[in-house]
Amino acid sequence: MEGKEMAFQIQGGVWPTMITPYTADNKIDYDTIPQMVDFYARRGCKGIFAVCQSSEMLFLSREEKVELAKAVADANQGRMQIVASGHTAVDLKTQLEEIEAMMNVDGIDAYVLVSNALDPKNEGDGVFLERFNQTVEHFPEIDFGIYECPLPYKRLVSLPALQEMAQSRKLVFLKDTCCDYELIRQRLKAVEGTPLKIFNANAASFYDSFLHGGAGYNGIMANYHPELYRWALEHSQTDPEKAQLMADLLCELAMIEMRLYPVSAKYHMNLVGIPMELSARSADCSRFDKNAKQEVDSMYAVEKALHKMLGIAEL
């Protein structure tokens with residue numbers, strides 16, 4: 001970790017929350033990870049959020065978290081930025097050990113703290129900020145992010161706390177899950193002039209937050225069609241009417257999030273030519289039935305039609 005530059009610049013755009021492939025015997029399928037990283041890179045993603053909730057970090061051992069991050073970084077070969085979490089321990093000592101192990105992986109640019117892990121008992125901003133400050137002071141050479149992870153409970157960051165952390169210049173990334181476009185606008189204004197980049201995880205409001213200064217989209221649907229999110233962001237100025245329409249369509253397509261994710265995303269990966277088991281540690285995969293597959297098939301057909309309409313080359 002020595003010699004790492006502080007407050008590196010996060011690139012705005014589309015960042016997937018990377019899912020974890022498994023073998024038939026429920027081990028991480030490391031052979032498939034390079035194909036997935038290529039999928040993200042070819043579709044114009046600027047970064048990857050690895051070892052997050054989509055990765056099923058709550059169901060991975062500490063060793064698996066580190067090995068997974070290493071596999072992603074090795075496959076990436078510097079093409080995209082990578083932030084990683086795995087911040088699931090409750091006590092500070094173990095959390096610091098988690099951070100050190102993760103950030104010893106070459107190619108991980110920042111460590112993403114989970115907001116509820118900074119305040120496990122939901123005691124308030126005092127505890128939250130104290131744990132944050134203890135953590136960043138312990139690792140002065142590391143840049144940090146915050147993820148408002150829904151599990152084990154959703155702990156939104158208050159505006160005063162967010163502003164204080166941003167002004168420390170140690171916080172460079174926020175995966176915002178508040179799902180409130182007005183609050184995101186307030187957050188963007190509160191952190192102006194700091195290195196913090198706010199990424200919206202919500203398909204319904206990502207475009208609004210981008211128009212108001214947000215860095216882009218970091219969410220589930222970037223595992224399906226990140227190139228469509230990229231198109232909307234990149235055409236917000238040159239073709240705003242069509243970009244808004246695309247954002248509205250993406251909001252509707254995102255309803256597939258409710259259909260046994262991450263299994264549905266793995267089925268979609270198979271459709272685009274990346275074979276993987278339809279398995280997960282966090283879901284009952286037997287519930288991914290024929291009708292669920294048909295819904296993903298329909299979404300895939302819409303994706304291909306949109307590619308043709310927008311002039312997006314087959315990827």
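I count Lys and Arg as positive and Asp and Glu as negative, leaving out His and the chain ends. I place each charge at NZ of Lys, CZ of Arg, CG of Asp or CD of Glu. On that basis, the mean positions of the 31 positive and 45 negative charges of the protein chain lie 3 Å apart.

The model is predicted: local features need pLDDT of at least 70, side-chain atom pairs count only at pLDDT 80 or more, and totals for chains, interfaces and linings use all residues. Residues are numbered from 1 along each chain as its sequence is written, and side-chain values use heavy atoms, without hydrogens and water.

Next, the fold. I find 11 helices and 8 strands in the protein chain (DSSP runs: H or I of at least four residues, E of at least two). The radius of gyration is 19 Å, close to the 20 Å of the globule rule for 315 residues, so the chain is as compact as a globular protein of that length. I take that radius over C-alpha atoms; the rule is 2.2 Å times the number of residues to the power 0.38. The C-alpha trace spans about 50 × 50 × 35 Å along its principal axes.

Then burial. I get 54% of the 315 residues as buried (under 20% relative accessible area; exposed is over 50%, partly exposed in between; 1.4 Å probe, protein chains only).

Last, cysteines. I find 0 disulfides (a pair of cysteine sulfur atoms within 2.5 Å). Cys149 has its closest cysteine sulfur in Cys52, 8.4 Å away, too far for a bond. Cys149 is buried, at 1% relative accessibility. Cys179 is in no disulfide either; the nearest cysteine sulfur, in Cys178, is 6.5 Å away. Cys179 is partly exposed, at 48%.
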